Amino acid sequence: MKKIFRPLTVSLICLTLGILSLQAQDIQSAIQWLDRNQPNKAIQTLQDIHQTQPTRQTYFYSGYLAIRTNRLSEAQQYFEKGTALDEKRHPLNKTGLGIVAFLEGRTADADQILEEVLKASKGKDPEILWRIGEAYTGYAQVINDVDTPLYPHHNAQKAIDYLEQALKRDKKNGGIWLTLGDARALATPTNGGPAVTAYEYAMEYLPNRSLPNHRIGNIYWAGKSYNLASDYYKAALGADSLYTPSYLQLAELSFQTNKFKDAAANMDKYLWLVETPTAELRYRSGQFDYLARQYSRAVEKLVQVKKDIESPVKYRLLGRSYFSLKDYDKSIQNLETFLEKAPDKAEGLEYKLLGRAYQNTTDTTIAKDSIAVFYLAKAAKTDTTENLYSEIAEMSYRLKNYKDVVKYVEAGEKRFNKSSVKDKFWLAMAAYKMGPNDSTMYLKADSAFAAVQESSPDHLPTILYRAKSNYYGYAGQDTTFAKSVPFYERFVELAYTKKEEKKFKYDMKIALKFLYSYYTAIENDPAKALEFAQKGKELDPADKDFNDMIAQLDKRVPDSASPKPQ
């Protein structure tokens, strides 16, 4: 006999089916928000429909979201309430109770509950088989090509067994294929082929392909196929631009391949979308900004998480970033804190930047040149990009630490197998300054000046100090005049040629008086002597010595006493 449905009954059935259909859509939407790493939106979406029309499905998936967000006690409460609404052949919430027991490590309870569930459903319910299999994966989350289950209790082979049973009942269920891919990836981390196959089936049956694309990207990353991994992450975002895990993976992958600007940009997108970014991830973002040379952004983020991150490396990054922003005082503060807290992690660059920061700081209350030399000297031992010893030598000369000048120039020459002209000049000047205490240094100075003159034949200070070095280096010997006179003559000649006689007025006067004495006392050449005396008078008419020299030449009584160079 055919059953006749009344219009009201038919309407109620249609309404109920419509409600259940809308609920299923909302549940799927909630899970999608969870997959996007936006759990608060997921929970709120599900709570809204659960409070309006609680069903066995809303109880189970409220518990499911609680499991996925590591709130097992809350999940237990949902499942306990939902069991009253379970169908006899579809004990979904009782399945949830068994899953909670397994994840909490209550193995005996889990085995008993799940055995009862499978008996009641006759092992034919694909949703139940799927969710049990998923639980046995430990809800694996792949971060930076490493499978990291959310829960310590997991069994990849059992997961595969349950999921394959589920597929026998519903072989076109993309969600089951996706979870099977996760289980296979967990079971054979060195062989991604089986997992990729499952993900490809998931891609065929899922309306949203973001998750399987992302999972395949993880497999390729693990195999170091970075370009393919990147392509799949981008495909995941093409399917769902809000799928935050792919932004995070792209950021880390870009970091691995030294594409720091891409790493910074993708991490920014991740932080913008994710609901509760951790201090560690914001710190990571600051690291990427630093590597991308976006120093202002790096400082902003690093300062925000400074109190939350224990690593002393934060001070290194801040110090380096502040230096690039020319905030030298803050650079010094952070770099010195880093050296204090982690001296074993220090690199030559820290010492180098500290030295340069002290050179540029506006603080005049400290002996900043000496501190700069200290740090640069430590950096110079390992720096291969530039000869810091050269810079230190020049600073040491200004500090009148002449022995250090010689030491650093020679250290630089040994390390780089060469010395610049400037290095030789400062070594020569330092050796000359050390001459009064060790006369042998005058000849060392002349040797270095000679090397400078080879490269710069007309460098006036070099020629001048060659004259002085030879005068003092051979003092008391018959060769005193012979060694120094040619350099004094060349010095005078070039000074007039370059029209720099007034620039070197003091030394010019010494040179002219010295040459006057030489040509009167040694060479007996009054005409030459007069030439130098007249130049001196023209240079400084107020200098009485030049007038006396001219007068003496007129009387033909030469004065053999020559002034000493200074």
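## Loop residues with positive phi

Lys 400 is placed in the loop between α21 (388–398) and α22 (402–416), where helices (H or I, at least four residues) and strands (E, at least two) are DSSP runs numbered from the N terminus. Although Lys 400 is not a glycine, its phi is positive, at about 65°. With a relative accessible area of 62%, Lys 400 is exposed; on this scale buried means under 20% relative accessible area, exposed means over 50%, and partly exposed lies in between, for a 1.4 Å probe and protein chains only.

Asn 37, found in the loop between α1 (7–35) and α2 (39–52), also is not a glycine and has a positive phi of about 70°. The relative accessible area of Asn 37 is 27%, so this residue is partly exposed.

## Basis of the values

This is a predicted model, in which local features need pLDDT of at least 70 and side-chain atom pairs count only at pLDDT 80 or more, while totals for chains, interfaces and linings use all residues. Residues are numbered from 1 along each chain as its sequence is written, and side-chain values use heavy atoms, with hydrogens and water left out.

## Aromatic pairs

A pair of aromatic rings is described by the distance of the centres and the angle of the planes. Rings of Phe, Tyr and Trp (its six-membered ring) pair here if their centres lie within 6.5 Å, and planes under 30 degrees apart count as stacked, over 60 as edge-to-face and the rest as tilted. By this rule the count comes to 33 aromatic pairs. One of them joins Phe 60 and Phe 79 in a tilted arrangement, with 5.5 Å from centre to centre and 35° between the planes. Because Phe 60 belongs to helix α3 (residues 56–68) and Phe 79 to helix α4 (residues 72–82), the pair ties together parts that are 19 residues apart in sequence. Phe 60 is buried, at 1% relative accessibility, and Phe 79 is buried as well, with a relative accessible area of 0%.

The ring centres of Phe 449 and Tyr 465 are 5.9 Å apart and the planes stand at 25°, so the pair counts as stacked. Since Phe 449 lies in helix α24 (residues 440–455) and Tyr 465 in helix α25 (residues 460–473), this pair ties together parts that are 16 residues apart in sequence. Phe 449 counts as buried at 0% relative accessibility, and Tyr 465 counts as buried at 15%. Both residues belong to one aromatic cluster, whose members include Tyr 397, Tyr 402, Phe 425, Trp 426, Tyr 432, Phe 449, Tyr 465 and Phe 514.

## Charges over rings

A charge sits over a ring if NZ of Lys or CZ of Arg is within 6 Å of the ring centre and within 35 degrees of the ring normal. Lys 468 lies over the face of Tyr 465, at 4.5 Å from the ring centre, and Arg 131 lies over the face of Tyr 64, at 4.6 Å from the ring centre.

## Helix packing

Helix α4 packs against helix α5 (residues 92–103) at an angle of about 155°, with the axes 8 Å apart; axes are lines fitted to C-alpha atoms, for helices over the stretch in contact, and angles run from 0 to 180 degrees between N-to-C directions. That makes α4 roughly antiparallel to α5, given that angles under 35 degrees count as roughly parallel, over 145 as roughly antiparallel, 65 to 115 as roughly perpendicular and the rest as oblique. The crossing of α4 and α5 is left-handed, a term used if the near helix is turned anticlockwise from the far one by less than a right angle, with right-handed used if clockwise. Among the residues of α4 that meet α5 are Leu 72, Ala 75, Tyr 78 and Phe 79, and on the α5 side they include Gly 96, Leu 97 and Val 100, where contact means heavy atoms within 4.5 Å.

The axes of helix α23 (residues 421–434) and α25 come within 11 Å and cross at roughly 35°, and this crossing too is left-handed. Phe 425, Met 429 and Tyr 432 in α23 meet residues of α25, including Tyr 465, Lys 468 and Tyr 472.

## Two buried helix residues

Gln 453 lies in helix α24 and counts as buried at 17% relative accessibility. Leaving aside neighbours within four places in sequence, Gln 453 is in contact with Thr 462, Ile 463, Arg 466 and Phe 487.

Ala 202, in helix α10 (residues 193–205), counts as buried at 0% relative accessibility. Ala 202 and Asn 173 are 29 residues apart in sequence and 7.5 Å apart in space, C-alpha to C-alpha. Not counting residues up to four places away in sequence, Ala 202 touches Gly 174, Trp 177, Leu 178 and Pro 212.
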